[in-house]
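Subject: Structure handover

Hello,

Here is the structure I said I would pass on. Please open it and keep it in view while you read the rest of this message.

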Amino acid sequence: DYTGGGCPHILAEPQRTNLLTYSEVLNSTAGVVLSDTISPDGTLNGLKLTETTDNSQHYGTAHSASVVNGTTYTVSFYIKKGTYDEVKVYTSSSLINASVEVEFSTESTNLTGGIAGSNFMEDSGNGWYRVGFSGVAIATGTMPIFLPTKDLSTYVGSTSQYTEYWGIQVEQGSYPTSYIPTSGSTVTRNQDIFTRDGIGSLINSTEGVLFAEMAALANDGTFREISINDGSSDHLIALRYRSTNNQINIFVRNGSGNTIVNISTTLADATNFYKIALKYKSGDYALWVDGTEIITSSASEVPSGLNELSLSRGGGSDYFYGKVKQLQVYDTSLSDTQLAALTS
C-alpha cells in the first residue's frame, strides 16, 4: 500500500463487502446538476454536484445499502472541496442515525451520532480526502447516503457553488478497509493471507529474533498474530495484538496446549507504527519496543520444527490484519545493543 507517500507497506485486511451496488453512480439528485470530474483514480468518473437556483435542498443520493438491526457498519466516501469550507454528509436517520461534517480548513471531521471516535479524514492527494464513520443500525432496511453540496437545509442555491464526491462504500464492521468499487451488485474482497513455508533452514528453532515494524488497523477486540511456526498452531513463536485494546503480546507454544510464554504490555496506540522485536532462547525471552526492553521471561523451552513465517497463528487462525513496513527473522539471538539499534 502506497497510501500517504513514502515507502510502501504490506496492508493485510479482512474479507469485506461493499454493500452499495453502485459506488461511483448516484441514485438520484435534488437541487443540483451532476457532471463528471477527475476522481482519485485519475479517470473522469468523479461526481461534481453543482447547485441550481431552486429554493430547496441540494444533494445527491447514493444507491442504498441493506443493513440489519443491531449490526455495526462503516460508511466511507471520497470528497473534494468545491466552494464550501464545510460539508455535512448524512445516512438515513431511521437506520443509522449519524452525520459527519467535513471541515476542509482544518482537515478534520465532526461526527453527530454514530460510534464516538470512529470518524476519520485521510488525505488521498490532488485535493481529495477519504472520510468516514461507523454506526450501529437501529432497524433493518435499505439505507441511502445523502451527499449534499453543503448540508440538507433548504436555501436558494447558486450555480457557482459545488462539491465533488466519489467512491462511496458501506461495509459491515467497526473500521474501514480499502475501497471496493461496485457497478451493479455488491462486491466482496477476500481476506489477505500471507505465508512463506518450507523455510526451516532459515529459522533456528533453538534461538533467534522475530522483528516487525507494524501497526494494527483498529482495536477491534480480536487476536491478530505474526508468527514463525511448524504449519500449525501447536509449535509457534508469535507477536500478536490481543483482544484487549492496545495490548501487544509474546505467545509461545511447544506442543498442543503447552503454552511456554504468554506475557503482554500495553502500547499507547496500537494503530500507530512500532518497531517490535521478540527475542527467543532457552531461559532468555524478551520483548523490545522502539529501542527499549519492555518485558522478559526465563522460560526454558523453545518450540521445535519451525519452518513457516505467517501473518497468522499458523494453521489458519488469528490472521494478522494491519500494516507492516518491515518483517525480519534472525537465526541467532541478538545482543541487547543490537536489539536496541534494530528497534530504534
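Predicted model: local features only at pLDDT ≥ 70, side-chain atom pairs only at ≥ 80, totals over all residues.

The largest pocket holds about 980 Å³ of space. It is lined by 31 residues, and those closest to its centre are Phe-120, Glu-122, Arg-130, Pro-176 and Lys-323. Strand E12, which covers residues 120–125, gives the most to this lining, with four residues. By type, the lining of the largest pocket has twelve nonpolar, twelve polar and seven charged residues.

The strand. Strand E22 runs over residues 247–254, and eight of its eight residues are buried. In a regular strand the side chains alternate between the two faces of the sheet. In E22, Gln-247, Asn-249, Phe-251 and Arg-253 point one way. Ile-248, Ile-250, Val-252 and Asn-254 point the other way, and the residues of both sets are buried.

E22 pairs with strand E21 (residues 235–241) through seven bridges, and the two run antiparallel. E21 and E22 form a hairpin with five residues between them. Asn-246, in the turn of that hairpin, has a positive phi of about 70°.

E22 is also joined to strand E23 (residues 259–266), again antiparallel and by seven bridges. Here Asn-249 stands opposite Ser-264 of E23. The hairpin of E22 and E23 has four residues between the strands, and Gly-255 takes a positive phi near 105° there.

The histidine. His-63 is in strand E7, residues 59–67. Is His-63 buried or exposed? His-63 counts as buried because its relative accessibility is 14%, and the cut-off for buried is under 20%. Leaving out residues up to four places away in sequence, His-63 touches Leu-20, Thr-21, Tyr-22, Val-25, Leu-26, Asn-27 and Met-143.

The serine. Ser-317 lies in the loop between strand E27 (308–310) and strand E28 (322–330). Ser-317 has a relative accessible area of 27%, so it counts as partly exposed; that class lies between the limits of 20% and 50%. How far apart are Ser-317 and Ser-232 in sequence and in space? They are 85 residues apart in sequence and 9.3 Å apart in space, C-alpha to C-alpha.

Regards

Note on methods: Residues numbered from 1 in each chain as written. Heavy atoms only, no water. 1 Å grid on protein atoms, 1.4 Å probe; cavity = no way out; pocket = protein on both sides within 12 Å on 5 of 7 lines; lining within 4 Å. Points joined across faces, edges and corners; volume = space filled by probe spheres on them. Nonpolar A, V, L, I, M, F, W, Y, C, P; charged D, E, K, R; others polar. Buried < 20%, exposed > 50% of the residue type's maximum accessible area, 1.4 Å probe, protein only. Pairing = 2+ DSSP bridges. Contact = heavy atoms within 4.5 Å.
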